[in-house]
Amino acid sequence: MDVASCKNEARSSSMSQVPPVVFVVDDDISVRESLELLIRSAGWLPKLCPSARDFLSLPQVTTPNCLILDVNLPDLSGLDLQKLVSPERTHMPIIFVTGFGDVPTTVAAMKAGAIEFLTKPFRDDVLLAVVEQALERSKIALAHRSELQVIRDCYASLSRREREVLTLVVTGLMNKQVGFELGISEITVKAHRGQVMRKMRAKSLADLINMAAKLGLGPAG
């Protein structure tokens, strides 16, 4: 195993030891306190905020997390906060809770990506089940993001010529054709291609094509 792989494994091990974080944004202190106890009882770490602006002032976390969000807040509404954070925090599923739910609000929240819309009062077991589902989604999203970052780091290690070879190879061109396109010999193409496979840690051409697709390279890019 190379050094980078060792670092990634150590990072994953360290992250697995940190409990998932459940953010709660609700201006009702009694709701926050009851949810804090419920979240802790499930083994998760609660982070409580009375307003949207208080939440926005918190640093983002890199462990699995989700947000329990009230619709009616003293500053920004829950829907407004969702519009702000959803595009950049795709790894943070949002669960809406409200005491005054209506169909248009529910539809707006779900269309914007909320995974659930619960009306107060709700049963503890129902909320816990939804939070568990949200945290699993977050875990998967963070794993995908971590995988993409590794691929980007590998791609950054390629020379300009190696990137050119990679881009042409994943379009389906043979070594001879790649050489013709770049004005280099087939032997040189083979050498660059070997370096690309090694630096990208690709096990096969199919593996390399899959990586290129994730980077937005090739025909689709």
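A cavity is a set of grid points where a 1.4 Å probe fits but cannot get out. The exercises below concern a predicted model.

**Exercise 1. Determine how many cavities of 30 Å³ or more the model contains, and describe the lining of the largest one.**

Solution. 
Step 1. Applying the rule gives 1 cavity of 30 Å³ or more.
Step 2. The space in the largest cavity amounts to about 30 Å³.
Step 3. Its lining consists of Phe23, Gln60, Val61, Asn65, Arg89, His91 and Met92.
Step 4. Sorted by class, the lining of the largest cavity holds 3 nonpolar, 3 polar and 1 charged residues.

**Exercise 2. State in which order the strands of the open sheet are arranged, and which strands form its edges.**

Solution. 
Step 1. The open sheet has 5 strands, and their order is S2-S1-S3-S4-S5. The pairing is parallel.
Step 2. An edge strand pairs on one side only; this applies to strand S2 (45–49) and strand S5 (116–119).
Step 3. On average, neighbouring strands of this sheet are turned by 20° against each other, direction ignored.
Step 4. As an example of pairing, strand S1 (residues 21–25) and S2 run parallel and are joined by 5 bridges.

**Exercise 3. Describe the second largest pocket: its volume, the helices that supply its lining, and the classes of its lining residues.**

Solution. 
Step 1. The volume of the second largest pocket is about 250 Å³.
Step 2. Its lining comprises 13 residues; Glu147, Val150, Ile151, Arg201 and Met211 lie nearest the centre.
Step 3. Helix H6 (124–156) and helix H10 (205–215) each supply at least two residues of this lining. H6 gives the most, with 6 residues.
Step 4. By class, the lining of the second largest pocket contains 6 nonpolar, 2 polar and 5 charged residues.

Methods
Residues are numbered from 1 along each chain as its sequence is written. This is a predicted model: local features need pLDDT of at least 70, side-chain atom pairs count only at pLDDT 80 or more; totals for chains, interfaces and linings use all residues. Side-chain values use heavy atoms; hydrogens and water are left out. Two strands pair if DSSP finds at least two bridges between them. Helices (H or I, at least four residues) and strands (E, at least two) are DSSP runs, numbered from the N terminus. Axes are lines fitted to C-alpha atoms, for helices over the stretch in contact, and angles run from 0 to 180 degrees between N-to-C directions. On a 1 Å grid over the protein atoms alone, a cavity is a set of points where a 1.4 Å probe fits but cannot get out, and a pocket is an open set with protein on both sides within 12 Å along at least five of seven lines; lining residues have an atom within 4 Å of a point. Grid points are joined across faces, edges and corners, and a volume is the space filled by probe spheres set on the points. Ala, Val, Leu, Ile, Met, Phe, Trp, Tyr, Cys and Pro count as nonpolar, Asp, Glu, Lys and Arg as charged, and the others, Gly among them, as polar.
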